[in-house]
Amino acid sequence: MTREEYFPPAYLSRIAAAPYLALAEEEGLVMKRGGRVINTRLALAAAEFAREQGRFEEMHKALFKAHWEQTADLSSTADLKRIGAELGLDADALGAAL
């Protein structure tokens, strides 16, 4: 669902001016807000799969980067498999685990 459907207007106004955005920009971090609220259950499962393979830290960072830079949909099995494959994980095994 869209952020506007999920969050009250007062909250949306408050996060639009969040101080962490300026701090992130100063550090060169990209933090784009998506237009919708996602269910991250599959991303958590993908991270746990990576943990079993000894690759949790890399997957954790890749998931956050994909979310904030909006390069992937963390509720998409295909996107999660792609991220895992980029880290050297077996995409088919990750897909089966998801």
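In this predicted model, helix 5 (residues 56-68) packs with helix 6 (residues 77-86) at an angle of about 130 degrees, and their axes are 10 Å apart. Helix 5 is therefore oblique to helix 6, and the crossing of the two helices is right-handed.

**The contact between helix 5 and helix 6**
- Helix 5 contributes Met 59, Ala 62, Leu 63 and Ala 66 to the contact, while helix 6 contributes Leu 80, Ile 83 and Gly 84.
- Among the residues of this contact, six are nonpolar, one is polar and none is charged.

**The largest nonpolar core**
- In soluble globular proteins, nonpolar side chains tend to be buried together.
- The largest nonpolar core has 18 residues, of which Met 59, Leu 63, Leu 74, Leu 80 and Ile 83 touch the most other members.
- Helix 4 (41-52), helix 5 and helix 6 are the elements that each give two or more residues to this core.
- Helix 4 supplies the largest share of the core, with six residues.
- Leaving aside residues up to four places away in sequence, Leu 80 touches Leu 42, Ala 43, Ala 46, Met 59, Leu 63, Leu 74, Leu 94 and Leu 98.

**The protein as a whole**
- The protein has seven helices and zero strands.
- Of its 98 residues, 27% count as buried.
- The C-alpha atoms fill a box of roughly 45 × 30 × 20 Å, taken along the principal axes.
- Of the contacts with a separation of 6 or more, 56% are between residues 24 or more positions apart.

Methods: Residues numbered from 1 in each chain as written. Predicted model: local features only at pLDDT ≥ 70, side-chain atom pairs only at ≥ 80, totals over all residues. Heavy atoms only, no water. Axes fitted to C-alpha atoms, helices over the stretch in contact; angles between N-to-C directions. Helix = DSSP H or I, 4+ residues; strand = E, 2+ residues; numbered from the N terminus. Parallel < 35°, antiparallel > 145°, perpendicular 65-115°, else oblique. Left-handed = near helix turned anticlockwise from the far one by under 90°. Contact = heavy atoms within 4.5 Å. Nonpolar A, V, L, I, M, F, W, Y, C, P; charged D, E, K, R; others polar. Core = buried A, V, L, I, M, F, W, Y, C linked by side-chain atoms within 4.5 Å. Buried < 20%, exposed > 50% of the residue type's maximum accessible area, 1.4 Å probe, protein only.
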